[in-house]
Amino acid sequence: MDVKLDPSRDDLPLMANTSHILVKHYVLDLDVDFESQIIEGTIVLFFESGNRFKKRSSSTEVACLSESNEACKFRMPEPCQIPVTNTKTFSSKIGYNDFVICGKGEKDTSGKDGNHDNQEQASGISSSKYCCDTGNHGSEEFLLVLDCCDISVLKVEEVDVAAVPGIEKFTRSPKLRNQIVHELVALPADRWREQLDYYALCSQAPGCGELLFDTDTWSLQIRKTGAQTATDFPHAIRIRYRTKPQGRSVTWTSDQSGRPCVYTVGSPINNRALFPCQEPPVAMSTWQATVRAAASLVVLMSGENSAEPTQLREGYSSWHYYVTMPMPASTFTIAVGSWTEMKPEICSSNDLATERSFSPSEADFRYVGVCGHMEYPCRFQNASATTQKIIPHRVFAPACLKRVCQETLLPLIPPCLSAAHSVLGTHPFSRLDVLIVPANFSSLGMARPNKEKTGHVSDSGSSVIRHGLNPEKVFMQVHYLKGYFLLQFLAKTLGEDTYFSFLRKFVHTFHGQLILSQDFLQMLLENIPEEKRLELSVGNIFRDWLESSGIPQPLQRERQALAECGLAQQVSAEVAKWVRVNRRPRKRKRKDREEVFEKLLPDQLVLLLEHLLEQKTVTPRTLQSLERTYHLSEQDAEVRHRWCELIVKHKYTKAYRDVERFLQEDQAMGIYLYGELMLSEDPRQQHLARRCFELSREQMDRSSAAVVAEMLF
């Protein structure tokens, strides 16, 4: 069924057939086990199909998943002793079910015999075969395809939502399961709480028939005997599964205090190794999740509510989160660890009043104007929320960082939130959790694929992310930098008042929707007077900034202007002083006066060090004086990175400890330093690089580790 791929280099397939059927809501019920490094439990998916998914004629062209075009072979799961909950004994507690987990606490051994697993020997489908039509083919059954990788699927079954007590209260067809799901999904936004409650109750309902399923490297495929269309296919299914320790959607590591933790890392494969899902961004859905872990741990998720733990059996707690705003599955995040909530030592009553949370149940929905997104309890229609400058927020970090968080981070968040509100308008989310993650978090890892980066999209909705699995792609920053400077160029060209006014209007118009770069640029140009456009057009912006290599002409002109600004001129004067110091002989004449150096901002220090990197030779004496003058080893990561580059270039052995510290504490930024250490061809520097890598490789982001290993060995 699979054709071999090089999983570290080739394109990344998005296999879900989103053109046929869409997930509207996920209910996750999971246990986190640090001993086995496995997350296991169930996920219930609620689907919606439409008239476009009705049975097709047998003449529909078939793009099979196998080169031989032979029918896919499906299997029923092996017997799994899981008692079915009787509807009379339903737990009414939201998000918690009574099902027994198979093999709880055991190391993951499924897949050794190839059954019900993402088989290690299979590595996907050839790029020419990725896009697959999975609708009805004549008399064949409908095939549901979900994006899935590095997951052991144990059981798939239809959920008997009709067995939920009280379900008849809001449905006209209490015995038609798919109709029940349709009416549940279609509940209006002001009934969001009732909707979440019934999603939870439905997720606990007994199964009413196991479904045929199979897996390959990139997908989970599910059939129901006799269901020939998406409309006939069950609209509520439960998947029992467990993740694998080597799964690429989460990282099992240690925090800055040395305690174990696990968190989603912004992987190139997004969340498909955390739960089976529909990856394409068009699959916008809501979710709710109950996560159980040891009582000593804190569970954080990208939910709308500020969850607090519920005590379970001795030594365990559960946490429940939810979202009511439909978003792509890739935005789902989780972090579990021994985090400590950082609170300010003094909190004024004014702060508490400003940060009061406004939940949708309290909303004064005005419905002034029409939002362009699908219906949900939108804060842009909440009179109180639109004026809320500072939303409630919590900050979590390892206990060892308490002091620095309280002194540095906590005071910054309120003014940042207020500034975001003043520039962009209403905060789209009701609250915010900030987590200080371990050093192995990839700084560019949150870049997500969008439709424009994919290849051909098939009739089923499947597509390909070009070079999506290339580990080096994460470190290619040119497009991010050019995008940043493009926005800066537009603000300067149009004037900040005009530009920021447009930004606010743009956010208000497109909130809750998927947008593309051309949507942004088209609206920008339509909303500024003709005389201010200065011959700008979507076409020439794409040509000059996005499609051409090198530095765009407007940026080169601005670069020259920036070199003449006061802060840059001050740096140039300081560079001249250091050049003079560097040229002086070791034994100076008494009449030589000492240089007096000015205090510089961090950005100025970066520029200073970049200029000094252009010097052919910098003496150890000068480097020592540099460090003493600016306390470079105590500066931020950007400054210390340039400082380490100077150390490596000039083989300043006395400061190699600063390089070692940087490689271990700033792992994502340290990738480039590994390359410079190896290119130096200095045995001592190469030994330093290999030693630091050996100490850090188990904790490193996988893409980073792969790139560094290629440099070193």
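**Helix packing, nonpolar cores and local backbone features**

H631 is placed in the loop between helix 15 and helix 16, where helices (H or I, at least four residues) and strands (E, at least two) are DSSP runs numbered from the N terminus. The structure is a predicted model, in which local features need pLDDT of at least 70 and side-chain atom pairs count only at pLDDT 80 or more, whereas totals for chains, interfaces and linings use all residues. Residues are numbered from 1 along each chain as its sequence is written, and side-chain values use heavy atoms, with hydrogens and water left out.

The phi angle of H631 is near 50 degrees, a positive value in a residue other than glycine. At 44% relative accessibility, H631 counts as partly exposed, the class between buried (under 20% relative accessible area) and exposed (over 50%), computed with a 1.4 Å probe on protein chains only. A positive phi is also found at Q37, with a value near 55 degrees. Q37 belongs to the loop between strand 2 (22-33) and strand 3 (38-48), and its relative accessibility of 31% makes it partly exposed. Most residues other than glycine have a negative phi.

The protein chain contains 20 helices and 20 strands. Of its 713 residues, 51% count as buried. Contact means heavy atoms within 4.5 Å; among the contacts in the protein chain with a separation of 6 or more, 75% are accounted for by residues 24 or more positions apart.

A nonpolar core is a set of buried Ala, Val, Leu, Ile, Met, Phe, Trp, Tyr and Cys residues joined through side-chain atoms within 4.5 Å. The largest such core has 60 residues, and those with the most contacts inside it are Y26, I222, I237, I239 and F275. When neighbours within four places in sequence are left aside, the contacts of Y26 include I43, V44 and L45, the run F275, P276, C277 and Q278, and also A329. Apart from this core lies another, of 44 residues, among them W578, Y656, L677 and M700. In soluble globular proteins, nonpolar side chains tend to be buried together.

M327 is located in strand 15 (residues 316-327) and, at 14% relative accessibility, is buried. Its C-alpha atom is separated by 8.8 Å from that of V282, 45 residues apart along the chain. Beyond its neighbours within four places in sequence, M327 contacts A283, M284, S285 and F429.

Helix 13 (residues 566-583) packs with two other helices. Its axis comes within 9 Å of that of helix 15 (residues 620-630), crossing at roughly 140 degrees; axes are lines fitted to C-alpha atoms, for helices over the stretch in contact, and angles run from 0 to 180 degrees between N-to-C directions. Helix 13 and helix 15 are therefore oblique to each other, given that angles under 35 degrees count as roughly parallel, over 145 as roughly antiparallel, 65 to 115 as roughly perpendicular and the rest as oblique. The crossing of helix 13 and helix 15 is right-handed, meaning that the near helix is turned clockwise from the far one by less than a right angle, anticlockwise being left-handed. E574, W578, V581 and N582 of helix 13 make this contact with R621, T622, S625, L626, T629 and Y630 of helix 15. By class, four of these residues are nonpolar, four polar and two charged, with Ala, Val, Leu, Ile, Met, Phe, Trp, Tyr, Cys and Pro counted as nonpolar, Asp, Glu, Lys and Arg as charged, and the others, Gly among them, as polar.

The axes of helix 13 and helix 14 (residues 602-613) likewise come within 9 Å, crossing at roughly 45 degrees, and this pair is also oblique. Helix 13 passes helix 14 in a right-handed crossing. The contact involves L567, A568, Q570, V571, E574, V575 and W578 of helix 13 and Q604, L607, L608, H611 and L612 of helix 14; its residues comprise eight nonpolar, three polar and one charged.

R642, in helix 16 (residues 637-649), is buried at 16% relative accessibility. With neighbours within four places in sequence left aside, its contacts are V606, L609, E610 and L613.

Helix 17 (residues 656-665) packs with helix 19 at an angle of about 35 degrees, their axes 10 Å apart, in a right-handed crossing. Y656, V659, E660, L663 and Q664 of helix 17 meet R684, Q685, L688, R691, C692, L695 and S696 of helix 19. In helix 20 (residues 702-712), the residues S703, S704, A705, V707, V708 and L712 are buried; the buried residues of helix 20 pack against helix 18 (671-679) and helix 19 (683-696).
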